[in-house]
Amino acid sequence: MPYVFILPNMAIFGTFIIYPALRGFWISFQESSDGRNFKYVGTANFKAILTDPTIASVARNTATYVISYVIISTVLALTLSIIVNQQTFLKGMYRAILFLPVMLSPVVVGLIWNQVLDRKVGPLNQLLQALGGGSPGWLVEPKLGMIAVIFVGVWVHIGFYSIILLAGLQGIDKSVLEAAAMDGATRWQSTRLIILPLLKPTTLIIVILSTIHGFQSFDFIYTLTGGGPLGATTLIVQYIYDRAFQTPIQYGLGSAAGVILFLIIFAFTALNFLVGRKKEAV
Amino acid sequence: MKIAQRKPSASTWTSISGKKAPTTANIMRTVLLTVISLIIIAPVVWFVLSSFKDLTELSARPPQILPKVWATSNYTQAFKTYNYMRYFMNSVIVTSVATALTLLINSMAAYAFAKYNFRGRDGFFVLTLAMIMIPLQVILIPIYLVVSSMGLVNTYWGMIIPAAATPTGVFIIRQYMLSIPDELIESARIDGAGEFRIFARIVLPLARPALAVVAIFSILWRWNDFIWPLLIAQDEKLYTLPVALALLNGQLFVPENIVLAMSVMSIIPVLFMFVFMQRQIIQGIAQTGLK
């Protein structure tokens, strides 16, 4: 009887996750441009990934994005959650606002910032000009494009990470903080010496989660920059997608990139499990 | 300023929850949070206002905050001239059928994992959780080849079924079902109730809070989902809202003002849900760390 209950779920996992994963692993040692005829090429795809200059730029973009995204998200989420936690006046409202972008469709988020960051008619450059600045081509110049993508990435997800940290903060025993205050600790001292150390396991989870999310980023970038300007914001997931739907179609190369992405995400997810378990044990 | 000049109370932790006069720190914090809130809200407000501008105003320099003439025709045209209703209905169909299916099969699996002893139970459960480690992005190409060889590309079922079994859904419901007393199920069995009847009549109603959380997340995921329907819906008639918005954006036959109006309409249902379900959503995320 229990097998009947788990059957539909397991059948879907088998058909649409496990089997494709195994098949993807196998395809990564092959090449095909039509999905029907496959040619075994050994480790050529992986070698190409290590040597190809286009892929090298995708790797560089992904690394730049993920590292900046993780550091900024973690520091900002930590700061915001501590501030919101201390807030009493309209606390619920600020929390809700912080969380708002998480609810928006990433596709729409890309469209929103497309408007705001427009070089000529965007309100941001209008504001900058009013303040005596220039009008930078946020979505036109490669370096600025990356900055814009990182900023929007943080903008979308910061509420998500802050909420998890807020839950961690609420788990901190208030009497410890009260005792510290009675002993004459300033708020900054309490934050630095009590809250931050106690929040360490949750912070670590944020680092891991944001790393995983960073590597998976695709949808808002698709509508914000489309991977441009000049490929400057093409990250690994878009690269994989393009190998299946943009010429030149290279299923093998894309699958190999998928295998590499899997190894990275697998490592961080496993780490997340370990840290999560340790945190529960404490 | 008046407030700031009052005698500041000692900056202790207890003073935060007490209703004393605001301290400088309190004011600074409120100002900071207000600025951050503006950074979050202003782009969204700008976007909504822009959706009421016609094409000339959208390319006007310098841009104006408020539309000179409120072009509500952007919205009516999205329905009349363009296929907004179609995309909206596609999103509704995919979201609702997928959520119903997810609730059904996830709760069935969760029930087996929570209340039965069977060979391989722990193995299957670990396998279920391990599915989190293989995100869609990793298997984009092989899963596309699999789905297309099954003839599911360009079908609703192709958009609905493959992502219906969620490991996190099984996990949330199973954890909750563990708290349902075994005696309840046992006594129903003694009374002669069949296994499916027990599941449908006793277990499911008791697991309602967990089902609600999974339903909320499923709706959110499916409504905003982009990459999966992008792979499957290649025919414009099957586009869900995110796919339609992304692919119509920048195309000559659909003007920008229409895309903006469609975008604004597409986020309304989710915003409604957020307003009414805020607590469940935030708690769910805080507890499970999933998005």
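**Exercise 1. Is N154(B) buried, exposed or partly exposed, judged by its C-beta neighbours inside 10 Å?**

Solution. The model is predicted.
- Count neighbours. N154(B) has 14 C-beta neighbours inside 10 Å.
- Apply the cut-offs. A residue is buried at 20 or more and exposed at 12 or fewer.
- Conclude. N154(B) counts as partly exposed.
- N154(B) lies in the loop between α8 (140-149) and α9 (156-160) of chain B.
- Check the backbone. N154(B) is not a glycine, but its phi is positive, about 65°.
- Most residues other than glycine have a negative phi.

**Exercise 2. Locate two cis peptide bonds in chain A.**

Solution. 
- Start from the general rule. Most peptide bonds are trans.
- Take G228(A) to P229(A). This bond is cis, with omega near -10°. P229(A) sits in the loop between α11 (219-224) and α12 (236-245) of chain A.
- Take T247(A) to P248(A). This bond is cis too, with omega about -5°. P248(A) sits in the loop between α12 and α13 (251-281) of chain A.

**Exercise 3. Work out how α10(B) packs on α13(B).**

Solution. 
- Identify the pair. Helix α10 of chain B covers residues 167-177, and helix α13 of chain B covers residues 208-224.
- Read the geometry. Their axes come within 8 Å and cross at roughly 165°.
- Classify the angle. It makes α10(B) roughly antiparallel to α13(B).
- Assign the hand. The crossing is right-handed.
- List the contacts. From α10(B) come G169(B), I172(B), I173(B) and Y176(B). They meet P209(B), A210(B), L211(B), V213(B), V214(B) and S218(B) in α13(B).
- Sort by class. This contact has 8 nonpolar residues, 2 polar and no charged.

**Exercise 4. Which residues of α7(B) are buried, and what covers them?**

Solution. 
- Name the buried set. In helix α7 (residues 121-130) of chain B, F124(B), F125(B) and T128(B) are buried.
- Find their side. They span an arc of only 100° around the axis, so they lie on the same side of α7(B).
- Recall helix geometry. An α-helix has 3.6 residues a turn, so residues three or four places apart point the same way.
- Look at the other side of α7(B). There D122(B), G123(B) and V126(B) are exposed.
- Identify the cover. It includes α1 of chain A, along with α6 (84-115) and α10 of chain B.

**Exercise 5. Describe the contact between chains A and B from the side of chain A.**

Solution. 
- Count residues. Chain A gives 77 and chain B gives 76.
- Find the main contributor. Helix α1 (residues 2-27) of chain A supplies the largest share of the chain A side, 17 residues.
- Sort by class. The chain A side has 55 nonpolar, 16 polar and 6 charged residues.

**Exercise 6. Trace the surroundings of N85(A).**

Solution. 
- N85(A) lies in helix α3 (residues 53-86) of chain A.
- With 18 other C-beta atoms within 10 Å, N85(A) is partly exposed.
- Find contacts. Leaving out residues up to four places away in sequence, N85(A) touches L166(A) and L169(A).
- Compare sequence with space. N85(A) and Q170(A) are 85 residues apart in sequence and 8.0 Å apart in space, C-alpha to C-alpha.

Methods:
Residues are numbered from 1 along each chain as its sequence is written. Chains are lettered from A and ligands numbered from 1 in the order in which they are written. This is a predicted model: local features need pLDDT of at least 70, side-chain atom pairs count only at pLDDT 80 or more; totals for chains, interfaces and linings use all residues. Axes are lines fitted to C-alpha atoms, for helices over the stretch in contact, and angles run from 0 to 180 degrees between N-to-C directions. Helices (H or I, at least four residues) and strands (E, at least two) are DSSP runs, numbered from the N terminus. Angles under 35 degrees count as roughly parallel, over 145 as roughly antiparallel, 65 to 115 as roughly perpendicular and the rest as oblique. A crossing is left-handed if the near helix is turned anticlockwise from the far one by less than a right angle, and right-handed if clockwise. Two residues are in contact if their C-beta atoms, placed from the backbone, lie within 7 Å. Ala, Val, Leu, Ile, Met, Phe, Trp, Tyr, Cys and Pro count as nonpolar, Asp, Glu, Lys and Arg as charged, and the others, Gly among them, as polar. The arc is that of the directions from the helix axis to the C-beta atoms.
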